[in-house]
Amino acid sequence: MGQLSAPASDPRAELRRLYRGLRLEGFEIPTSDKHRVERSSGSSTYGELRPTATIRLLAQLGLSRRDQFVDLGSGLGKVVLLAAMTTPVGRALGVELSATRVAVAARVLATAQREHVAGSRRAAFVQADMLRHPLDEATVIYTCSTAFSSAFMARLQRRLAKLPRLRTLVSLQDFDPHPAFELREVVRLDASWKRGTKVHIYARRSHAGASATQARSRRPS
Ligand SMILES: C[S@@+](CC[C@H](N)C(=O)[O-])C[C@H]1O[C@@H](n2cnc3c(N)ncnc32)[C@H](O)[C@@H]1O
């Protein structure tokens, strides 16, 4: 369905407006919520890529309407909203286990959709564990993984290596070498806790199974 709005002329200003008054909500979360995240073996520590850095990274990923962009551990939802607002991506999905954070993201998204903010209809959030939520449609995955343990990173990588449509994986923490992924580039971008933090961009190496699935999904029905 078409949208009534034109693309935001300054998405950073639009984002500031949408999150005004919510700035610190979700940075600290209740103990019960922390336990939920930590039971998944993930980390509940919070931090964000700065909006200008996010917009630069998203532009570099060359997202098109055939892509599904997923932020694993989407926190308050800014990366997902910016993906929907500033790129032609088909779908931008945030997967976040903290109920508090996903509630803030959903509240902001509802406001954005009500106000016809450009692209906001292509964004969605789900409260789920990134190690379990189905990701078969994902083509580009981003994860702000700085605080994840090496064991968690290894489990996540094993899972992502099996995804049929994945073409690009972006992670703040580097992954160990794996036959499914080739490190293409390391860029330095500003995050809330550190300027010029390393961001690792991996290309998915094609393999027979993935190529066959991609060819099938591109064939006109
Ligand atoms: C550093 S924050 C990322 C914030 C956001 N992606 C951004 O850059 O603005 C990492 C998030 O991952 C979430 N998380 C940790 N383990 C998780 C899991 N197993 N499944 C889903 N989310 C998880 C945490 O609750 C936290 O909000």
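Me: Which residue classes does the shell around the ligand have, and in what numbers?
Reply: Ala, Val, Leu, Ile, Met, Phe, Trp, Tyr, Cys and Pro count here as nonpolar, Asp, Glu, Lys and Arg as charged, and the others, Gly among them, as polar. The model is a predicted one. Under this division, the residues of the ligand shell fall into 9 nonpolar, 9 polar and 6 charged.

Me: Which residues come nearest to the ligand?
Reply: Around the ligand there are 24 residues. Helix α4 (78–86) and strand β2 (91–96) each contribute at least two residues to this shell. Those that come nearest are S40, G42, E48, G73 and G75.

Me: In what order do the elements of the protein run from the N terminus on?
Reply: The protein contains 7 helices and 7 strands. Read from the N terminus, their order is α-α-α-β-α-β-α-β-β-α-β-β-β-α.

Me: Which residue of β7 stands opposite L169?
Reply: Strand β5 (residues 168–171) runs antiparallel to strand β7 (residues 197–204), and 4 bridges join the two. Within β7, the residue that stands opposite L169 is Y202.

Me: Which residue of β7 stands opposite F181?
Reply: Strand β6 (residues 181–189) also pairs with β7, in the antiparallel sense and over 8 bridges. In β7, the residue opposite F181 is R204.

Me: Is S41 buried, partly exposed or exposed?
Reply: S41 belongs to the loop between α2 (31–39) and α3 (51–60). Although S41 is not a glycine, its phi is positive, at about 75 degrees. Most residues other than glycine have a negative phi. Because S41 has 14 C-beta neighbours inside 10 Å, its class is partly exposed.

Me: What percentage of the residues in the protein is buried?
Reply: The class requires 20 or more other C-beta atoms within 10 Å of a residue's own. Of the 221 residues in the protein, the buried ones make up 38%.

Me: Among contacts between residues at least 6 apart in sequence, what percentage joins residues at least 24 apart?
Reply: Two residues are in contact if their C-beta atoms lie within 7 Å. Among such contacts in the protein between residues at least 6 apart in sequence, the share joining residues at least 24 apart is 73%.

Definitions and conventions:
Residues are numbered from 1 along each chain as its sequence is written. This is a predicted model: local features need pLDDT of at least 70, side-chain atom pairs count only at pLDDT 80 or more; totals for chains, interfaces and linings use all residues. A residue is near a molecule or strand if its C-beta atom, placed from the backbone, lies within 6 Å of it. A residue is buried if 20 or more other C-beta atoms lie within 10 Å of its own, exposed if 12 or fewer, and partly exposed in between; C-beta atoms are placed from the backbone. Two strands pair if DSSP finds at least two bridges between them.
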